Structure formats: structure tokens, C-alpha cells
Amino acid sequence: MTIESIRVSLMNYQRVVILKEKASDRYLPIWIGPAEADAIAVQLQEVSVPRPLTHDLLRSIIDTLGAQVTHIIVNDLSNDTYYARIMLEVNGGPMEIDSRPSDAIALAVRAKVPIFADESVLAKAGVMLEKDGESAAGVEQAAKAIDPAELERMSAFKDFIESLDLDDFDKRKS
């Protein structure tokens with residue numbers, strides 16, 4: 001996945017990071033907090049800050065302890081909450097750390113490591129865009145494969161995606 005953009009709704013100031021699948025036009029919107037949005041944007045725009053931010057500190061600690069971030073993965077979506085894992089190599093072996101996706105992404109851009117999303121997450125929340133920027137029928141097709149109870153829990157995501165209007169957003173490109 002690549003970070004396509006970080007957007008801020010001018011209506012409610014809610015932040016969303018838009019991940020894009022490298023091999024297709026499928027997007028994964030993940031709502032994040034303002035601090036995490038700023039942390040990701042600062043690194044993507046290569047803005048110099050006088051003191052390390054929290055995610056810089058985290059990377060420094062990992063490096064100092066002799067570990068290495070290898071990649072991150074957005075691995076689950078349940079009850080409208082995304083989950084992620086930070087994958088490390090420690091003493092020659094793998095280690096997984098539970099994380100919020102926003103923190104994992106902020107760390108990934110600092111460590112310059114790949115960002116992945118589990119296919120099950122993309123099937124639940126991935127959005128295909130048509131050429132005019134509107135969500136395609138693929139969302140409805142994916143929804144049919146989801147358990148009705150899960151679909152009900154996902155309705156807030158679907159409503160938000162369908163209400164996206166690029167004119168209503170301040171877009172920060174990577």
C-alpha cells in the first residue's frame with residue numbers, strides 16, 4: 001500500500017489517511033486523530049522539527065535496542081475499529097507488536113518500510129474509485145459477502161465513503 005493522501009474534512013475536521021493498493025485502484029480510508037495525521041504529514045513532507053516527535057522517539061528506541069522495523073500491516077477491522085501490527089526483527093527473529101494503524105503508519109514512514117493491508121480488511125473496507133472519483137459498484141459487491149451484522153456495524157464507513165466530495169477536503173499529498 002502507499003499513502004495516497006491525508007485529508008481533513010472541512011465540515012467536522014475529522015482526519016482520514018487514504019492508503020492505495022499499489023497494483024490497483026482500490027483505496028483504504030482509515031480515520032485517524034489529528035496528532036497522528038500531523039505526525040504522518042510532517043514526515044511525508046520532510047518538515048524539520050526542533051525536537052523529536054513521539055514516533056521519532058519510538059523509532060529511536062527500537063533502533064537503540066538493536067531491533068529493526070521490517071513492515072507494518074493493517075490486519076483487522078472489527079466493530080468499526082482498525083487494528084495493525086508492527087513487524088520487527090529482534091535478535092535475528094521476528095516480533096509482532098499490536099498497534100493502532102495511525103501509529104504504525106507514522107512509524108513506517110519514518111523507518112521507510114512497506115505498509116500492507118490484509119485482504120480481509122480490504123474486502124470489508126476497500127473502495128474502488130471510478131475515473132470520475134466516485135466510489136464504484138465494487139463496494140456494494142464486497143458488502144454482499146460480509147455478514148449482515150458486520151455490514152450494519154460498517155454502515156458508518158459506507159455512509160462516510162459515499163459522502164466524500166473532493167471539493168470538501170483539504171488534501172495533503174505525499
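Predicted model: local features only at pLDDT ≥ 70, side-chain atom pairs only at ≥ 80, totals over all residues.

Trainee: Why is His-55 called buried?

Mentor: Buried means under 20% relative accessible area. The value for His-55 is 8%, so His-55 is buried. This residue is found in helix α2, residues 54-64.

Trainee: Which residues is His-55 in contact with, leaving aside its neighbours within four places in sequence?

Mentor: His-55 is in contact with Ala-39, Asp-103, Ala-106, Leu-107 and Arg-110, with those neighbours left aside.

Trainee: What makes Arg-110 count as buried?

Mentor: Arg-110 has 4% relative accessibility. The cut-off is under 20%, and therefore Arg-110 counts as buried. Arg-110 is found in helix α3, residues 101-111.

Trainee: How do you know that the side chain of Arg-110 and the backbone oxygen of Ala-106 make a polar contact?

Mentor: A polar atom of the Arg-110 side chain lies 2.9 Å from that backbone oxygen. The limit for a polar contact is within 3.5 Å, for a donor and an acceptor among N or O atoms, so this pair qualifies.

Trainee: Why is Asp-63 called partly exposed?

Mentor: Asp-63, also in helix α2, has 41% relative accessibility. Buried requires under 20% and exposed over 50%; 41% falls in between, so Asp-63 counts as partly exposed.

Trainee: What distance separates the C-alpha atoms of Asp-63 and Ala-111?

Mentor: They are separated by 9.8 Å, and the two residues are 48 residues apart along the chain.

Definitions and conventions
Residues numbered from 1 in each chain as written. Heavy atoms only, no water. Helix = DSSP H or I, 4+ residues; strand = E, 2+ residues; numbered from the N terminus. Buried < 20%, exposed > 50% of the residue type's maximum accessible area, 1.4 Å probe, protein only. Contact = heavy atoms within 4.5 Å.
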